[in-house]
Each structure stands twice: as structure tokens, then as C-alpha cells.
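The stops below go from the whole chain to single residues.

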Amino acid sequence: MASLFGDIMKVETSGASEKTAKQDKLTVKGVEASHKMAEHDMKRMTQYKSMVQTVGHSKGLDPAIIAGIMSRESRAGAALVNGWGDHGNGFGLMQVDKRFHKLVGEWDSKEHVNQATGILVDFINTIQKKFPKWPKEHQLKGGISAYNAGAKNVQTYERMDVGTTGDDYSNDVVARSQWFKTQGF
């Protein structure tokens, strides 16, 4: 599916930082580490594939990006305790923050994924308005970064991940999303 927001396969990425890669005790970092972590999540992610595709299509967003965020945020659910992460602030597969949003649905429901994807799309739209001269793929990456750290954190293309979790959020999510795309998401 073509995304209204740019082609995830054309987004430049340096992948996961060493810190992020250590979650899986990997000795590699970068795109290779992001791909390995996505691969580790694939078995769990498969159960959400049709839901991710349905929500992605309804929002005009490549489903692979939703899968990439689910992998990064909750390891496709494996990192959650009763649907919660981030010290009890993040909810669901895509970790919607209860401090900023009214939570919708069960932690692994279509309603949750739809809400979280809507939040992501809102951030992409905000970055498009903030940086109208950026190519679509840069705006897409900026929106992914903003999903983690807010639109105010995105100030330049080159340093958009500074201040995100692991200082690599959009680069890691993009690399994971690209891997999921190659797996039919």
C-alpha cells in the first residue's frame, strides 16, 4: 500500500543505537540490530497483522510503520504487564500515554491501534506544517520522532532523534518498519 505520507522504504535510517540493541543482548547496532529486533517480534506481530493492515489502510498510513512502532514500543506486547508499560503511563501495543490521552479500547484492540495511529498521523501532519519544505519522507520520519518526544523536540532533520528514547527512536522505528514491509506488512 502506498502511504499518503511518503514511502517508508525511501526514508534514510541509521537504525538502533547500541543502547537500544542491548535490549536483545545484540552485539550489532544500526539497521542490522533493528532488523533483528523486528525479527524477534515477528511471531507475536503476526497475530496483529490483519488489524494493523485494516487500520493502516483506513488512515492512509503504511501498515509496516504501525508494526514498526508496535515492535519498538511494546515488542508486540511482550514488554507489557497487563497491557501497561513505561512505569504504568504507557498503554497498549503502541503505548498511548495516559497523561496526555484518554485511553480507548483494550491494550491489544483495534480501537487502541486506531487511536494510536491517529495520534501518529496527527504528529506527521504537525511536522508537515512545521517543515513544509521538507520532502514527504523527512516529514514522515519527523512525525515518527514526534510520536515519541513531541513535535517541539523535532527542530532539524539531522538531529530529530536527540531527546527521544535512546536518542534513536525514529531511526530504529524506520528500520524496523522497513523490515516488516519486506515481510508483507
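Start in the loop between helix H4 (63–74) and strand S1 (84–85), and select Ala76, which is located there. This is a predicted model. Ala76 counts as buried because its relative accessibility is 2%, under the 20% cut-off. Now check its backbone: phi of Ala76 is near 55°, a positive value in a residue other than glycine. Most residues other than glycine have a negative phi.

Next, select Gln95, in the loop between strand S2 (90–91) and strand S3 (96–97). Phi of Gln95 is also positive, near 55°, and this residue is not glycine either. Is Gln95 buried or exposed? Gln95 has 11% relative accessibility, so it counts as buried.

Now zoom out to the protein chain. Seven helices and three strands can be coloured separately. Going along the sequence, their pattern is α-α-α-α-β-β-β-α-α-α. Along the principal axes, the C-alpha atoms fill a box of roughly 40 × 40 × 30 Å. How does the radius of gyration of the protein chain compare with that of a compact globule? For 185 residues, such a globule would have a value near 16 Å; the protein chain has 15 Å, which agrees.

Colour by burial: of the 185 residues in the protein chain, 55% are buried. Switch to the surface, and the accessible area of the protein chain is about 8,700 Å², with 51% of it belonging to carbon and sulfur atoms. For contacts between residues at least 6 apart in sequence, 57% join residues at least 24 apart. If you display the charged side chains, there are 25 positive and 21 negative charges, and their mean positions are 2 Å apart.

The last stop is helix H3, residues 49–59. Select its buried residues: Met51, Val52, Val55 and Gly56. They lie on the same side of H3, because the arc they cover around the axis is only 125°. An α-helix has 3.6 residues a turn, so residues three or four places apart point the same way. Turn to the other side of H3, where Ser50 and Ser58 are exposed.

What covers the buried residues of H3? Show H4 and helix H5 (110–130), which are included in that cover. Finally, step past the end of H3 to Gly60, which follows the helix and has a positive phi, near 75°.

Terms used:
Residues numbered from 1 in each chain as written. Predicted model: local features only at pLDDT ≥ 70, side-chain atom pairs only at ≥ 80, totals over all residues. Heavy atoms only, no water. Helix = DSSP H or I, 4+ residues; strand = E, 2+ residues; numbered from the N terminus. Buried < 20%, exposed > 50% of the residue type's maximum accessible area, 1.4 Å probe, protein only. Rg over C-alpha atoms; globule rule 2.2 N^0.38 Å. Contact = heavy atoms within 4.5 Å. Areas by Shrake-Rupley, 256 points an atom, 1.4 Å probe, with all protein chains shown as cover. Lys, Arg positive; Asp, Glu negative; His and termini not counted. Charge placed at Lys NZ, Arg CZ, Asp CG, Glu CD. Arc of directions from axis to C-beta.
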